[in-house]
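Keep the view open and follow along.

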Amino acid sequence: MLPRIKLGFALLTLTLIFAWHSTANAADNATKTLETGTFHGKVHQTSGRATIYQQANGKLVLRLTNFKTSNGPDVHVILIAAKDADDDANFLKSATPRVELGKLKGNEGDQNYVIPKGTDLSTYQTVSIYCERFNANFGAAPLEKF
Amino acid sequence: MTMGATSWFSRKKYVLAAIAVPILVAAWWAFRPEKLWINVKVNEPAPFASNADAQPLYTGLLTGKAHPTSGRASVYQASDGKRELRLTDFATSNGPDVHVVLAESGDAALQSEFVKGDLNSIELGTLKANQGDQNYELPDSTDLNTYDAVVIYCERFHAVFGVAKLEKF
């Protein structure tokens, strides 16, 4: 009687481990779309879409599509801890916390930026195209859950 | 006399140049005015392993009209060309004869909570549930440039429960 129960337990455990393993893997092998939003900016004509993807390895990537802004000196892509931002907003003056994603690769076209590990997306809710030289927000995209 | 005036002037010219040139260079570096008409274009691929999965074409957020309605409406295209509307994080109030339709976002009828007469729309089906993620097939002929709004519509009372304007993904 006892060995049979033991065998039953062993089989049950194996089945559970297998089930857990396959669901965990199934959920992990695709890129997920986490958040998206559209740019607004009139002073420096900014438009397009910003989307945050989570890759299979857990890495977060920001992708800009149908994107267009005005070219300028020392323009960066940043995430800011705010719900939205006005044209020409100065985040230095307002002491808005930010995460730097890199220099703007092009003022037109589709482009990707890696989001640093540990970035809390519930805090950093808006993408800003930001001119570091003059501390001016060219355009902002408030992100919403996809 | 004239010689003296010329040399004085040319010396002043050098002093002026010595001041003006660095200022002009600094101003150019700060403003980079040529960037106003020089564009930099990029075209990076999407961060997916493959494009075999259905890709989102349009998306928009639902806002409530006659009844509180929330969530996201997205149109996906599968690799075989078929398009589907997907509602996510969706919630509306339950009601009689509620349908999911596509309409023109500029249609004046959508401005009010109740439509007088008939709403110019494309039927996608009866609302499957008033909460939860759900998919609706789009007829092949649907022109999303014209019919660019998802409407949760109660046919019985011509009530607009909620509208989502679709924007390019």
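Start in chain B, at B:T59, which stands opposite B:E167 in β10(B). This is a predicted model. The pair belongs to a link between β2(B) and strand β10 (residues 167-168) of chain B, where two bridges join antiparallel strands.

Stay with β2(B), which covers residues 55-64. Strand β3 (residues 70-77) of chain B pairs with β2(B) in the antiparallel sense, over six bridges. One residue pair to find here is B:Q55 and its bridge partner B:Q77 in β3(B). Between β2(B) and β3(B) lie five residues, and the two strands form a hairpin. Strand β9 (residues 159-165) of chain B also pairs with β2(B). Three bridges hold that antiparallel pairing. Look for B:G64, which stands opposite B:G162 in β9(B).

Chain A has 146 residues, of which 31% count as buried. Among its contacts with a separation of 6 or more, 64% are between residues 24 or more positions apart.

Four of the strands of chain A form an open sheet, in the order β5-β4-β7-β8, with antiparallel pairing. β5 (98-103) and β8 (136-142) of chain A stand at the edges with a single partner strand each, so one side of each has no neighbour in the sheet. From one strand to the next, the twist averages 25°. Take a closer look at one pairing in this sheet. Strand β4 (residues 75-80) of chain A is joined to β5(A) by five bridges, and the two run antiparallel. There, A:I80 stands opposite A:R98 in β5(A). As a general rule, side chains in a regular strand alternate between the two faces of the sheet.

Where do chain A and chain B come into contact? In all, 24 residues of chain A are in contact with 23 residues of chain B. On the chain A side, β1 (32-38), β2 (47-54), β3 (60-68), β6 (108-115) and β9 (144-145) each supply at least two residues. β6(A) gives the largest share, five residues. By class, this side of chain A has four nonpolar, 12 polar and eight charged residues.

To see it, find A:G109, which stands opposite B:V42 in β1(B).

Notes
Residues are numbered from 1 along each chain as its sequence is written. Chains are lettered from A and ligands numbered from 1 in the order in which they are written. This is a predicted model: local features need pLDDT of at least 70, side-chain atom pairs count only at pLDDT 80 or more; totals for chains, interfaces and linings use all residues. Two strands pair if DSSP finds at least two bridges between them. Axes are lines fitted to C-alpha atoms, for helices over the stretch in contact, and angles run from 0 to 180 degrees between N-to-C directions. Two residues are in contact if their C-beta atoms, placed from the backbone, lie within 7 Å. Ala, Val, Leu, Ile, Met, Phe, Trp, Tyr, Cys and Pro count as nonpolar, Asp, Glu, Lys and Arg as charged, and the others, Gly among them, as polar. A residue is buried if 20 or more other C-beta atoms lie within 10 Å of its own, exposed if 12 or fewer, and partly exposed in between; C-beta atoms are placed from the backbone.
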